[in-house]
Amino acid sequence: MQGIIKAVCVSDIRGVQKKDASSVLFKANWGAAGDAHAGDWHRQVSLLSYGKIQEFNDAGAGVGHGDFGENLVVDGLDLAKLPVGTRIKCGQAVLEVTQIGKECHTHCQIFEKMGDCIMPREGIFAKVLEEGTISTGDSAIVLEGIPTVYRAAIITLSDSGSKGERVDESGPVITGMLKEQGYTIDDAILLPDDRKMLEDALIDFADRRQTHLVLTTGGTGFSSRDTTPEATMAVATRNAPGIAEAIRAYSMNITGRAMLSRAVSVIRGNTLIVNLPGSPKAAKESLECILPHIGHGIDILIGDAFDCAQDQD
């Protein structure tokens with residue numbers, strides 16, 4: 001698949017419309033030179049399909065290039081349908097898609113005028129893998145045959161940890177174990193024991209960032225503040241109870257208190273979500289139990305493998 005760069009836009013101030021600069025250097029693991037949204041994070045570059053802008057303008061929006069805050073306007077590609085992990089060679093630079101759409105917490109002037117804004121659902125974000133200049137008129141080529149690398153996110157639930165009163169030890173343990181198995185870590189975040197905040201984070205990782213595996217740690221006990229299982233079940237599209245059951249069975253050989261865990265395991269879209277215990281030791285033991293096996297489940301979710309019965313034919 002191939003498209004054409006229609007505009008290259010930047011702004012040195014966040015929250016304002018970007019201006020078409022025609023040609024810009026995109027720095028590796030940073031973003032567009034001189035752009036306020038560039039930095040060492042996953043949303044270094046924003047892209048929007050030219051066709052979607054034109055459709056919006058046909059409805060009377062009257063917007064120009066950069067008005068949505070996008071860095072690149074691309075014609076000929078339906079960007080929002082590209083899965084996270086897709087690599088696009090734009091001019092001399094290579095980008096990797098990291099997020100589809102975004103949540104808008106405040107309505108922009110475009111929304112105020114039209115009662116709608118296409119950026120939250122049609123805009124995509126990427127990081128810069130290979131540095132290079134991107135100019136108006138350059139090709140935007142979707143690179144094929146890129147091997148799948150499992151991507152994971154870790155969410156630690158802790159009231160005291162989120163206040164800085166206690167150091168998160170479980171998150172780094174989980175991160176280290178995943179990296180040893182070749183996983184790329186999309187993010188590792190620390191949240192209070194707040195059900196709504198956890199639900200929002202799980203939805204963001206599953207729907208917008210399309211993370212393959214999300215592991216939570218903490219909030220699975222009997223305390224009134226322990227609502228991790230409820231938040232996880234609330235966002236699930238399908239149940240996957242065997243993983244949580246396997247962890248409890250394995251942990252019962254270590255401590256009888258494993259029966260008190262309310263942890264669950266579910267699927268949302270193409271994302272597997274698994275609750276782990278809050279203590280570093282228990283989280284490590286739980287992950288040791290499931291890590292050798294869940295890769296096959298992820299492969300089935302993303303279409304890289306058949307189910308177990310078909311696999312044995």
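The legends below describe close-up views of aromatic rings in a predicted model. Local features need pLDDT of at least 70 and side-chain atom pairs count only at pLDDT 80 or more, whereas totals for chains, interfaces and linings use all residues. Residues are numbered from 1 along each chain as its sequence is written, and side-chain values use heavy atoms, with hydrogens and water left out.

**View 1. The ring pair of F56 and F68.** Rings of Phe, Tyr and Trp (its six-membered ring) pair if their centres lie within 6.5 Å, with planes under 30 degrees apart counted as stacked, over 60 as edge-to-face and the rest as tilted; the count by this rule is 2 aromatic pairs. The centres of F56 and F68 are 5.9 Å apart and their planes stand at 50 degrees, so this pair is tilted. It links distant parts of the chain, with F56 in helix α1 (residues 50-58) and F68, 12 residues apart from it, in the loop between α1 and β6 (72-75).

**View 2. The ring pair of Y150 and Y183.** Here the ring centres are 5.3 Å apart and the planes at 40 degrees, so the pair of Y150 and Y183 is tilted. Y150 lies in the loop between β11 (139-143) and β12 (151-157), and Y183 in the loop between α5 (170-180) and β13 (184-191), 33 residues apart. Y150 is buried with a relative accessible area of 19%, and Y183 is buried at 7%.

**View 3. Charges over the rings of Y50 and F125.** A charge sits over a ring if NZ of Lys or CZ of Arg is within 6 Å of the ring centre and within 35 degrees of the ring normal. K6 lies over the face of Y50 at 4.7 Å from the ring centre, while R43 lies over the face of F125 at 4.6 Å from the ring centre.

Key: Helix = DSSP H or I, 4+ residues; strand = E, 2+ residues; numbered from the N terminus. Buried < 20%, exposed > 50% of the residue type's maximum accessible area, 1.4 Å probe, protein only.
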